[in-house]
Amino acid sequence: MFTEGPCPSANNLYHSTCVETAFKSLKPKKAATQQAWTHYNHHRSPTRKTISLSPSHSTLALVEEEPEEVDPWDLPELKDTGIPWSALDTKGKVLRVLVSVGKAILLLGFLYIFICSLDILSSAFQLVGGKAAGDIFQDNAVLSNPLAGLVIGVLVTLLVQSSSTSSSIVVSMVSSGLLSVQLAVPIIMGTNIGTSVTNTLVAMTQAGERSTFRRAFAGATVHDFFNWLSVLVLLPLEVASGYLYRVTKLIIDSFQIQSGEAPDLLNVITDPLTDSIIQLDKDVISQIATGDAAARNKSLIKKWCQTYTNTTLMNVTVPGPENCTSPSLCWDDGNYTYTLKNESETFNVALCKHAFVHVKLPDLAVGLILLALSLLVLCSCLILIVKLLNSMLKGQVAAVIKKIINTDFPFPFGWITGYIAILVGAGMTFIVQSSSVFTSAITPLVGIGVISIERAYPLSLGSNIGTTTTAILAAMASPGETLANSLQIALVHFLFNISGIILWYPIPFTRIPIRLAKGLGNITASYRWFAAVYIICCFFILPLFVFSLSLAGWPVLVGVGVPLLVLLIVIIVINVLQKKMPSSLPEVLRSWDFLPLWAHSLAPWDKVVSVFTAKCCCCCKCCQIASEDQDSTEKKSTANKKPCKEVYDNPAMITDKEVESEIKIELQTQL
């Protein structure tokens with residue numbers, strides 16, 4: 001009830017004490033509010049008409065419920081915004097079928113161009129860095145260091161963007177006796193890491209939308225983490241026991257393996273287009289790696305696609321009798337020593353038919369041109385593929401595809417699903433003959449939410465196996481005298497991936513790459529620039545740093561590397577204990593707050609990156625600010641259009657501001 005005193009007349013209706021007293025009397029319950037108003041009106045003036053409050057109206061349905069916390073890794077619903085099939089007439093149904101068929105044809109066409117652009121990208125990298133890759137392989141003293149061999153495998157595969165090319169260089173060196181199988185094992189491990197950068201770069205093209213980028217980048221880097229973790233375990237094991245070398249040697253000695261032919265599957269379709277753009281003589285890189293000085297002056301761009309070699313027995317001069325082919329075929333006329341030798345002469349018959357056959361540019365210039373064009377085509381095709389997939393994978397189609405790909409078999413056979421996915425990944429990679437192509441193709445599917453991270457992981461593992469089976473068949477096409485060593489290197493690659501799968505897949509707890517990839521995906525979704533930092537650090541700075549330490553010798557490598565490795569292990573252990581058992585740590589180590597903010601948070605670095613990009617891209621920043629202002633204006637206008645949501649039949653839900661507003665309205669009405 002209202003009290004007398006501060007509100008005896010109409011002039012005092014808005015006195016603070018009056019309003020405060022009225023406010024307090026309104027709070028207990030609605031009935032008390034109605035009674036208070038009636039008593040106050042009667043007390044002020046008997047002649048005035050009693051003013052009653054408007055009847056209560058229930059608006060509980062308008063109360064917004066708090067949104068439930070959404071898991072960012074849940075697959076999104078791909079809703080069908082079009083007209084349902086049942087609502088279409090005959091003409092509409094025919095038109096929809098024709099449009100769907102047209103989209104499918106376009107999708108296959110863009111996928112074909114995408115695969116061809118990856119092939120051209122590999123050729124461009126070989127033109128830019130192929131000879132440098134051959135030079136890297138020449139230093140046997142460095143290759144004798146297993147850690148240096150691993151890094152060389154990573155760097156060479158990055159330079160040529162093809163694990164098959166770098167593997168073929170290793171095989172040619174082993175076949176020629178310049179490199180032993182034991183020294184080649186760490187290099188093969190490095191090629192496995194280097195080939196996983198392609199799909200990581202492909203994921204960068206989906207950085208426009210935050211949730212899509214989170215899933216795509218995690219789906220790509222789960223392959224990276226598997227390769228890195230496998231190397232961290234298997235490389236020390238190989239150095240200590242020779243596990244991969246001994247097992248593959250036993251296999252080679254136990255079976256009578258005959259030469260075979262590597263099948264051409266997808267290459268039959270893609271070669272007509274790629275060969276019309278550029279053709280390379282890949283033997284030049286192998287010749288440089290094996291120490292052929294004449295190969296340094298050769299161009300990687302193939303000029304003559306049809307040649308004829310004629311071998312004849314000719315008289316040649318030699319420095320002395322000891323250089324003769326045999327004593328019976330050696331004679332001396334007093335001035336010169338002659339012998340008979342087979343001399344081969346190559347005749348050029350037909351020029352190649354590709355775009356750069358008549359171009360008078362160095363390999364580096366041609367490589368840079370192809371690199372720019374292939375990246376442009378690759379990114380354009382990928383964007384168009386994603387848009388087409390988004391338009392095609394809707395409604396029931398999306399539901400069926402997602403259910404087929406992501407659903408496990410019923411209990412108790414659910415564990416078989418992942419192994420079938422591994423076989424599917426291996427088979428698809430065998431068909432396209434490139435793990436980079438397969439993993440790059442499934443990356444946008446992970447981004448738009450058709451394939452989950454948990455399903456992309458076994459598909460990537462199968463892709464690793466598929467690319468090794470192709471290498472095994474290619475090794476079986478080697479000549480008889482080099483077949484054993486070539487095949488052993490290919491089997492090393494195969495056994496390495498099988499051992500990695502045994503380590504990081506069968507037991508769910510050991511699927512650490514999935515958790516690491518999700519953690520990295522969350523970071524890059526918040527700080528998208530960190531994706532570029534990850535790629536540069538993991539695939540360039542870290543390998544170059546380790547390679548530099550290897551060149552300095554074992555004492556420097558151990559003296560610098562071991563303390564850094566111990567520090568990294570300590571940080572990882574503390575992080576795990578902070579999450580699992582914080583009570584086991586000293587109070588100061590239960591969080592990293594004792595460190596400067598820049599040492600345990602990316603927020604300060606994000607401000608630095610924002611300032612840097614603002615200075616470098618002022619126009620882009622202005623456009624971004626304008627866009628943000630426009631978005632905020634639209635949000636404000638949308639908010640103004642929202643209906644007022646009040647609850648009159650529940651006093652507990654009336655806010656203080658609403659009650660005060662109600663008092664003022666009623667007092668004004670009385671006046």
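This is a predicted model: local features need pLDDT of at least 70, side-chain atom pairs count only at pLDDT 80 or more; totals for chains, interfaces and linings use all residues.
Colleague: How many helices and strands does the protein chain have, and what share of its residues counts as buried?

Modeller: The protein chain has 25 helices and three strands, and of its 671 residues, 38% count as buried.

Colleague: How many residues does the largest nonpolar core have, and which have the most contacts inside it?

Modeller: A nonpolar core is a set of buried nonpolar residues joined through their side-chain atoms. The largest one here has 103 residues, and those with the most contacts inside it are Phe114, Met189 and Phe539. Helix α9 gives the most to this core, with 13 residues. Apart from this core lies another, of six residues, among them Ile252, Ala475, Ala490 and Leu491.

Colleague: Where does threonine 212 lie, and is it buried or exposed?

Modeller: Threonine 212 lies in helix α9, residues 210-241, and with a relative accessibility of 15% it counts as buried. If we leave aside its neighbours within four places in sequence, threonine 212 is in contact with Gln206, Gly447 and Ile448.

Colleague: How should I check the length of a helix such as α15?

Modeller: The expected span is 1.5 Å times one less than the number of residues, so the 17 residues of α15 (residues 416-432) should span 24 Å, and the 25 Å between its end C-alpha atoms agrees with this. Residues three or four places apart in an α-helix point the same way, because there are 3.6 residues a turn. With that in mind, look at the buried residues of α15, which are Thr417, Gly418, Ala421, Ile422, Gly425, Ala426, Thr429 and Val432. After α15 comes glutamine 433, whose phi is positive, near 60°.

Colleague: Which residues form a nonpolar patch on the surface?

Modeller: Leu565, Leu568, Ile569, Ile572, Val573 and Val576 form such a patch, and together they have about 530 Å² of accessible area. One of them, isoleucine 569, lies in helix α21 (residues 554-580) and is partly exposed, with a relative accessible area of 47%.

Colleague: How many salt bridges does a search of the whole structure find, and with which residue does glutamate 454 form a salt bridge?

Modeller: Side chains of opposite charge can pair when their charged atoms come close. The search finds one salt bridge, and in it glutamate 454 pairs with lysine 518, with the closest N and O atoms 2.6 Å apart. Because glutamate 454 lies in helix α17 (residues 453-475) and lysine 518 in helix α19 (residues 512-526), the pair ties together parts that are 64 residues apart in sequence. Glutamate 454 counts as partly exposed, at 37% relative accessibility.

Terms used. Residues are numbered from 1 along each chain as its sequence is written. Side-chain values use heavy atoms; hydrogens and water are left out. Helices (H or I, at least four residues) and strands (E, at least two) are DSSP runs, numbered from the N terminus. Buried means under 20% relative accessible area, exposed over 50%, partly exposed in between (1.4 Å probe, protein chains only). Contact means heavy atoms within 4.5 Å. Patches are made of residues with over 30% relative accessible area and no salt bridge: like charges are joined within 9 Å, nonpolar side chains (Val, Leu, Ile, Met, Phe, Trp, Tyr) within 5 Å. Accessible areas come from the Shrake-Rupley method with a 1.4 Å probe; for residues, only the protein chains shown count as cover. A salt bridge is a side-chain nitrogen of Lys or Arg within 4 Å of a carboxyl oxygen of Asp or Glu. A nonpolar core is a set of buried Ala, Val, Leu, Ile, Met, Phe, Trp, Tyr and Cys residues joined through side-chain atoms within 4.5 Å.
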